[in-house]
Amino acid sequence: MAIGMIRAIKLTPSLLLRFFRRKEVRVPCIYCPGICIASCPTFLESGNMMLSPLGYSRHPEIGRRECLKCWRCVSECPLNYELPETFSDGIEVGLELVREGTPMLLSVEGLDEGYASRLAEELEAGFCIAKGLLRRYDDGCRIENLSEIRRRLKGIKVLSLSPEASHSLGIPFLLEAAHELPLKLEYEGSVHIPCLLSDRSESIVHNLELIGAKINGVIKDSCLKQSIPDALILCPRAPKNIYDLLEIRTL
């Protein structure tokens, strides 16, 4: 699909180099035919090369402000270069244990604590909060103590309520394990798969169906930071999302 987009906007190596000289690009770019650009939502919407991965690589301050941090360019890049985490200084993420229990529901401070607290109580599960992690996806920065956080979570059955925590920490998204929990969902229609979880769409859809949802369509090519589609939303960033609809199944 990305190659088709490239043809549609007629990007060529010579066109890219006319806009960006090699010596001005500050990332390990191998100068492919613009695959990352063809996947970038802000460029596809605006047609402005400054609002593309090449523009953001030259001007981190623009990337910090305008890039959606959807990581689509990373998944398309032959080197998997994580450009979105280069726009700001690195951060340290903290973990706060709120409640012991298994599984452990992990929430992100400033994003989904309310949902996680309610579900942890209803499921009699554990609950912890990752502090500072949201900055990676708001400002674009590297988590300096990522290895330490992953080490602390190793051996614990941890489930993330947000795409951000699942993506950063490499832990399962709650809805990938929905069939293991006493959850039910009465819903029929399309589902929006977050950009950060696009490679897990089949597993997520399968689990949604196992807990009662009737999914008749999957939306993967849109970002909630641009517009909210008429579909089941899995990201707690949205004003109304799946956590407003999930119910506990009584035995």
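Predicted model: local features only at pLDDT ≥ 70, side-chain atom pairs only at ≥ 80, totals over all residues.

Residues are numbered from 1 along each chain as its sequence is written, and side-chain values use heavy atoms, with hydrogens and water left out.

The protein has twelve helices and nine strands; helices (H or I, at least four residues) and strands (E, at least two) are DSSP runs, numbered from the N terminus. Of its 251 residues, 52% are buried, where buried means under 20% relative accessible area, exposed over 50%, and partly exposed in between (1.4 Å probe, protein chains only). The protein exposes about 12,400 Å², of which carbon and sulfur atoms supply 49%; accessible areas come from the Shrake-Rupley method with a 1.4 Å probe, and for residues only the protein chains shown count as cover. Among contacts (heavy atoms within 4.5 Å) with a separation of 6 or more, 68% are between residues 24 or more positions apart.

Four strands form an open sheet in the order β1-β3-β2-β4, with mixed pairing; two strands pair if DSSP finds at least two bridges between them. β1 and β4 (158–160) stand at the edges with a single partner strand each, so one side of each is left without a neighbour in the sheet. From one strand to the next, the twist averages 30°. β1 and β3 run antiparallel and are joined by five bridges, and E96 has I129 in β3 as its bridge partner.

An open sheet of three strands has the order β7-β6-β8, and its pairing is parallel. Here β7 and β8 are the edge strands, each with a single partner strand, so one side of each lacks a neighbour in the sheet. Strand β6 (residues 188–192) pairs with β8 over two bridges in the parallel sense, and V191 stands opposite L232 in β8. Helix α12 (residues 201–210) packs on this sheet, touching β6, β7 and β8, and its direction makes about 160° with that of β7; axes are lines fitted to C-alpha atoms, for helices over the stretch in contact, and angles run from 0 to 180 degrees between N-to-C directions.

Which residues of α12 are buried? They are S201, I204, V205, N207 and L208. Seen down the axis of α12, these residues fall within an arc of 165°, so they line one face of the helix; the arc is that of the directions from the helix axis to the C-beta atoms. The helix is followed by G212, whose phi is positive, near 115°.

Helix α8 (residues 113–123) has Y115, A116, L119, A120 and L123 as its buried residues. They cover an arc of only 125° around the axis, which puts them on the same side of α8. On the other side of α8, G114 and E121 are exposed. The buried residues of α8 pack against β1 (94–99), β2, β3, β5 (183–184) and β9 (247–248). E124 follows α8 and has a positive phi, near 55°.

The interior can be described through its nonpolar cores, each a set of buried Ala, Val, Leu, Ile, Met, Phe, Trp, Tyr and Cys residues joined through side-chain atoms within 4.5 Å. Of the 36 residues in the largest nonpolar core, Y56, V93, L106, L133, L153 and L169 touch the most other members. Elements that give two or more residues to this core include α5 (53–58), α10 (146–153) and α11 (163–169), while the largest share, three residues, comes from β2. Apart from this core lies another, of 34 residues, among them Y115, A120, L181 and L208.

Finally, some local backbone features deserve attention. Most residues other than glycine have a negative phi, and most peptide bonds are trans. A cis peptide bond, with omega about -5°, joins T102 and P103, and P103 lies in the loop between β1 and β2. W71 is found in the loop between α6 and α7, has a positive phi of about 70° although it is not a glycine, and counts as buried at 6% relative accessibility.
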